[in-house]
Each structure stands twice: as C-alpha cells, then as structure tokens.
Amino acid sequence: MLFAVLFTDRPDQGDVRAAHLQAHIAWLEQHKEIIPIGGSLRREMGQTPKGGLWVAEADSKEQIEELLKSDPFFIAGLRQSHEILHWCKAN
C-alpha cells in the first residue's frame with residue numbers, strides 16, 4: 001500500500017534539525033525500499049523547514065509507525081506531530 005506521511009516540526013527547532021540532518025538522511029537511505037521519496041517542507045525557499053513529507057510503500061500504517069520511531073529526527077524530539085494517510089496514486 002502507498003502512504004503519504006506528513007510531519008510538522010516543533011517551532012524554533014532549526015538547531016535540532018541541523019544537528020541530526022546527516023543522520024536522518026543516512027537513515028532515509030537505509031530505508032529507501034519503504035521510503036523512496038522523502039524531504040522537507042517550507043513556506044519559502046531558504047527558510048527553515050516546517051516539517052516533512054514521505055511517500056512510503058508498506059504493508060500497513062503500523063509498519064510505518066514503528067519505522068518512524070527509529071528516525072533520528074523523531075528520536076531527537078524534532079517532530080511535533082505526524083499523520084499517516086493512505087495515498088492513491090492518480091498518474
């Protein structure tokens with residue numbers, strides 16, 4: 001099944017994001033079979049990201065929920081919230 005996973009970061013945590021960015025990118029690379037697309041979301045280019053988006057392929061929401069608990073950003077407390085949505089690709 002395909003999923004879109006939306007993350008909202010805690011406000012004013014750009015330093016936490018920067019400190020754990022390389023570990024997070026390495027983690028995404030390690031899990032690219034489940035999360036082939038991931039990246040930050042921001043209002044304007046050059047601004048500190050407000051959160052992130054993954055497009056994921058997994059057997060269940062629970063599988064993604066368990067996996068994201070090992071993400072360095074999650075462990076560091078950067079994430080304020082997340083939402084896992086079923087995604088139906090249209091094109």
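Me: What does buried mean here, and is Ala-4 buried or exposed in this predicted model?
Reply: Buried means under 20% relative accessible area, while exposed means over 50%. The model is a predicted one. Ala-4 has 14% relative accessibility, so Ala-4 counts as buried.

Me: Where does Ala-4 lie, and which residues is Ala-4 in contact with, leaving aside its neighbours within four places in sequence?
Reply: Ala-4 lies in strand β1. Along the chain, Ala-4 and Ile-84 are 80 residues apart, yet their C-alpha atoms are separated by 6.0 Å. Leaving aside neighbours within four places in sequence, the contacts of Ala-4 are Leu-53, Trp-54, Glu-83, Ile-84, Leu-85 and Trp-87.

Me: Which pattern does the protein follow along the sequence?
Reply: The secondary structure comes to three helices and four strands. Read along the sequence, they give β-α-β-β-α-α-β.

Me: What radius of gyration does the protein have, and why does it agree with a compact globule?
Reply: The C-alpha atoms fill a box of roughly 35 × 25 × 20 Å along the principal axes. With 91 residues, a compact globule would have a radius of gyration near 12 Å. The value for the protein agrees with that: 13 Å.

Me: How many residues are in the largest nonpolar core?
Reply: In soluble globular proteins, nonpolar side chains tend to be buried together. Here, the residues with the most contacts inside the largest nonpolar core are Val-5, Trp-27, Ile-35, Trp-54, Ile-64, Leu-68 and Ile-84. β1, α1, β3 (51-57) and α2 (61-68) each supply at least two residues of this core. The number of residues in the core is 14.

Me: Which residues does Leu-68 touch, not counting those up to four places away in sequence?
Reply: Leu-68 is listed among the core residues with the most contacts inside the core. Beyond four places in sequence, Leu-68 touches Phe-7, Trp-27, Trp-54, Phe-74, His-82 and Ile-84.

Me: Is His-24 buried or exposed, and what is His-24 in contact with, leaving aside neighbours within four places in sequence?
Reply: The place of His-24 is in helix α1 (residues 14-30). Its relative accessible area is 6%, so His-24 is buried. Leaving aside neighbours within four places in sequence, its contacts are Trp-54, Asp-71, Pro-72, Phe-73 and Arg-79.

Me: What is the phi of Asp-12 near?
Reply: Asp-12 lies in the loop between β1 (2-9) and α1. With a relative accessible area of 75%, Asp-12 is exposed. Most residues other than glycine have a negative phi. Asp-12 is a residue other than glycine with a positive phi, near 60°.

Me: How far apart in space are Glu-33 and Ala-58, C-alpha to C-alpha?
Reply: Glu-33 has its place in the loop between α1 and β2 (37-41). Its relative accessible area is 55%, so Glu-33 is exposed. Glu-33 and Ala-58 are 25 residues apart in sequence, and in space their C-alpha atoms are apart by 9.1 Å.

Me: What share of the contacts with a separation of 6 or more joins residues 24 or more positions apart?
Reply: Ala-4 and Ile-84 are in contact, and they are 80 residues apart along the chain. Across the protein, residues 24 or more positions apart account for a share of 68%.

Me: How far apart are the mean positions of the positive and negative charges?
Reply: The protein has 10 positive and 13 negative charges. Their mean positions are apart by 5 Å.

Methods:
Residues numbered from 1 in each chain as written. Predicted model: local features only at pLDDT ≥ 70, side-chain atom pairs only at ≥ 80, totals over all residues. Heavy atoms only, no water. Buried < 20%, exposed > 50% of the residue type's maximum accessible area, 1.4 Å probe, protein only. Contact = heavy atoms within 4.5 Å. Rg over C-alpha atoms; globule rule 2.2 N^0.38 Å. Lys, Arg positive; Asp, Glu negative; His and termini not counted. Charge placed at Lys NZ, Arg CZ, Asp CG, Glu CD. Core = buried A, V, L, I, M, F, W, Y, C linked by side-chain atoms within 4.5 Å.
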